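I opened this entry to record what I looked up, going from the whole chain down to single residues.

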Amino acid sequence: MSEMLQTAAVTTSDADLLAQTEIAVRTAGSALRERFGGVVRYETREELMSALAVNDDTALDILRPRLSQLRPDAGWVEEELDGGALPSGEWWVVDPAEGNVNHLHALPEWAVTATLVRENRPVLTVVHLPLSGETYTALAGAGAHLDGRPLHVSQTADLGLSIVATSQARPDEDEEVVRHVGASITAMLFDALVVRTSVPATLHLANVAAGRTDAFWQFAGARADLLPGALLVTEAGGRISDAEGRPWTPESNSFLAAAPGVHAQAASTLSR
């Protein structure tokens with residue numbers, strides 16, 4: 001397990017904070033659900049970015065004041081593609097519309113997420129799927145849950161019987177990273193039962209935590225799309241690392257989350 005995600009002491013205040021964070025995230029999700037429907041058309045990159053920003057701002061107008069009131073001294077991170085370690089202290093890492101491009105295309109795979117990071121360790125996270133109404137939560141040291149029910153990763157011990165998943169490289173990604181992503185998918189196609197490739201990462205990681213998917217990997221990951229799922233998977237009994245099996249931090253250039261029985265096999269495949 002990554003040192004970053006070692007179990008932290010649970011306090012009543014953190015449990016209360018998780019409950020209040022869930023209310024804020026669900027409220028933001030309801031606002032985005034009201035905007036969901038037909039495909040949003042765009043013809044230029046500028047029009048796409050403008051449409052994405054409208055969704056982001058709709059959720060942020062709810063999340064920022066509510067979460068800032070809960071933790072007035074916490075910093076704020078909402079740039080979904082940012083990576084690397086955070087400065088000392090507490091930080092809200094928020095993705096107001098995780099899978100935003102899916103929302104614009106009337107696809108159901110999108111969510112609202114908020115994670116509190118304390119001294120570079122995620123303390124609590126909420127991932128809400130407004131269309132299904134599902135809410136995933138995790139509190140460091142207290143487990144991961146789906147609508148209050150405990151989550152557990154799968155017991156699969158054979159990568160050849162596993163469903164695995166990855167997200168594509170980010171837009172305008174470095175060519176070497178893109179080729180690495182392609183090579184890793186090819187390797188997994190040989191070794192795993194089924195390979196799923198889609199965005200967003202957080203929903204794949206929720207599936208790993210729930211035992212529906214056995215492993216997820218990504219290269220050049222960002223904080224906002226990995227930290228929520230990393231805490232969910234860890235608290236559900238899974239293992240996280242970089243793609244080669246080394247301890248993961250937000251500064252790592254790859255990420256792997258898997259059920260314990262297939263983690264080493266998945267790392268071996270990705271290291272070829």
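**Overall form.** I am working from a predicted model. I counted 7 helices and 12 strands in the protein chain. I then checked the radius of gyration. A compact globule of 272 residues would have one near 19 Å, and the chain has 18 Å, so the two agree. The C-alpha trace spans about 50 × 45 × 35 Å along its principal axes. I looked at contacts with a separation of 6 or more; 66% of them join residues 24 or more positions apart.

**Surface and charge.** The accessible surface comes to about 11900 Å², and carbon and sulfur atoms hold 50% of it. Buried residues make up 51% of the chain. I found 19 positive and 36 negative charges, with mean positions 4 Å apart.

**Cores.** Nonpolar side chains tend to be buried together in soluble globular proteins. I went to the largest nonpolar core here, which has 52 residues. Tyr-136, Trp-217 and Phe-255 are among those with the most contacts inside it. Helix α6 (residues 223–235) gives the largest share, 7 residues. Another core, of 24 residues, lies apart from it and includes Leu-17 and Trp-76.

**Tyr-136.** I listed its contacts, leaving out residues up to four places away in sequence. Among them are Val-127, His-145, Leu-151, Arg-212 and Leu-232.

**Ser-252.** Is Ser-252 buried or exposed? Its relative accessible area is 17%, under the 20% cut-off, so I logged Ser-252 as buried. Ser-252 sits in the loop between β11 (239–241) and β12 (254–258).

Definitions and conventions:
Residues numbered from 1 in each chain as written. Predicted model: local features only at pLDDT ≥ 70, side-chain atom pairs only at ≥ 80, totals over all residues. Heavy atoms only, no water. Core = buried A, V, L, I, M, F, W, Y, C linked by side-chain atoms within 4.5 Å. Buried < 20%, exposed > 50% of the residue type's maximum accessible area, 1.4 Å probe, protein only. Helix = DSSP H or I, 4+ residues; strand = E, 2+ residues; numbered from the N terminus. Contact = heavy atoms within 4.5 Å. Rg over C-alpha atoms; globule rule 2.2 N^0.38 Å. Areas by Shrake-Rupley, 256 points an atom, 1.4 Å probe, with all protein chains shown as cover. Lys, Arg positive; Asp, Glu negative; His and termini not counted. Charge placed at Lys NZ, Arg CZ, Asp CG, Glu CD.
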